[in-house]
Amino acid sequence: MGVTYWTRIASPVGELLLTADADGTLTSLSVPGQKGGRSVEAGWQQDSGPFRAAEEQLAAYFAGERKEFQLRLSTHGTEFRERVWGALDDVPYGATTTYGEIAARIGASRMAVRAVGGAIGANPLLIVRPCHRVIGADGSMTGYAGGLERKVRLLGLEGAVETD
């Protein structure tokens, strides 16, 4: 394992913790209170340098000026999780999909919907890898590791749902 860089940035959905590997590739984006989110570990190096592009793109996203992220990403999951996470990248800004549709996209059986939900819940790159765009088959706001309030806020920002 190499060095892990980290930084925190302010956002409309709370402080974001970003991590990157030695070459500046983004490895995680967590929010406070996130189920399974990362925490700064001993030996990590605080340095905002590797995160300039991520900071700029996230600021533009929250300002409604960016619909896609152009960042180098790296995750380390099982082959199944990587397929699920890759499918999230194909869900367009302002749209939603369901767990069943993600299962179908990756060629998984209908019985795999729970496993798909588990993989989505373990997504290490919130917001950038848009797991917030996955909703229940009945249109309900189900599961989001960052909290349902954040999910609704992100979908509202994208115009996918109406917010008060």
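In the predicted model described here, Thr75 counts as buried because its relative accessibility is 14%, a value that falls under the 20% limit for a buried residue. Thr75 is placed in the loop that lies between helix 1 and helix 2. The side chain of Thr75 makes a polar contact, at 2.8 Å, with the side chain of Glu82. When neighbours within four places in sequence are left aside, the residues in contact with Thr75 are Glu82, Trp85, Pro124, Leu125 and Arg129.

Ile127 is found in the loop between helix 4 (113-121) and strand 6 (134-135). If residues up to four places away in sequence are not counted, Ile127 touches Val13, Leu16, Leu29, Leu58, Tyr61, Phe62, Phe69, His132, Tyr144 and Leu154. One of these residues, Leu29, is 98 residues away from Ile127 along the chain, and the C-alpha atoms of the two are separated by 7.7 Å. Ile127 also belongs to the largest nonpolar core, which has 38 residues, and within that core the residues that touch the most other members are Leu16, Leu18, Leu58, Ile102, Ile120 and Ile127. At least two residues of this core are supplied by each of strand 1, strand 2, strand 3, helix 1, helix 2 (79-88), helix 3 (99-105) and helix 4.

The strands that contribute to the core can be considered next as parts of a sheet. Four strands form an open sheet in the order 3-2-1-4, and the pairing within this sheet is mixed. Strand 3 and strand 4 stand at the edges with a single partner strand each, so one side of each is left without a neighbour in the sheet. Helix 1 packs on the sheet and touches strand 1, strand 2 and strand 3, while the direction of helix 1 makes about 145° with that of strand 2.

Strand 1 is largely enclosed by the rest of the structure, because four of its five residues are buried. Strand 1 pairs with strand 2 in the antiparallel sense over five bridges, and with strand 4 (residues 45-46) in the parallel sense over two bridges. Tyr5 has a bridge partner in each of these strands, namely Ala20 in strand 2 and Gln45 in strand 4. Arg8 has Leu17 as its bridge partner in strand 2. The hairpin of strand 1 and strand 2 has six residues between the strands, and in this hairpin Gly14 takes a positive phi near 105°.

Strand 2 is mostly covered, since five of its five residues are buried. In a regular strand the side chains alternate between the two faces of the sheet. Both faces of strand 2 are covered, with Leu16, Leu18 and Ala20 buried on one side and Leu17 and Thr19 buried on the other. Strand 2 and strand 3 pair in the antiparallel sense over four bridges, and Thr19 stands opposite Ser28 in strand 3. These two strands form a hairpin with five residues between them, and Gly24, in the turn, has a positive phi of about 85°.

Helix 1 (residues 52-62) likewise has buried residues, which are Ala54, Gln57, Leu58, Ala60, Tyr61 and Phe62. The elements that cover these buried residues of helix 1 include strand 1 (5-9), strand 2 (16-20), strand 3 (26-30) and helix 5 (148-157). Helix 1 is followed by Gly64, whose phi is positive, near 80°.

Technical notes: Residues numbered from 1 in each chain as written. Predicted model: local features only at pLDDT ≥ 70, side-chain atom pairs only at ≥ 80, totals over all residues. Heavy atoms only, no water. Contact = heavy atoms within 4.5 Å. Buried < 20%, exposed > 50% of the residue type's maximum accessible area, 1.4 Å probe, protein only. Core = buried A, V, L, I, M, F, W, Y, C linked by side-chain atoms within 4.5 Å. Polar contact = N/O pair within 3.5 Å; in protein donor to acceptor, adjacent residues only side chain to side chain. Pairing = 2+ DSSP bridges. Axes fitted to C-alpha atoms, helices over the stretch in contact; angles between N-to-C directions.
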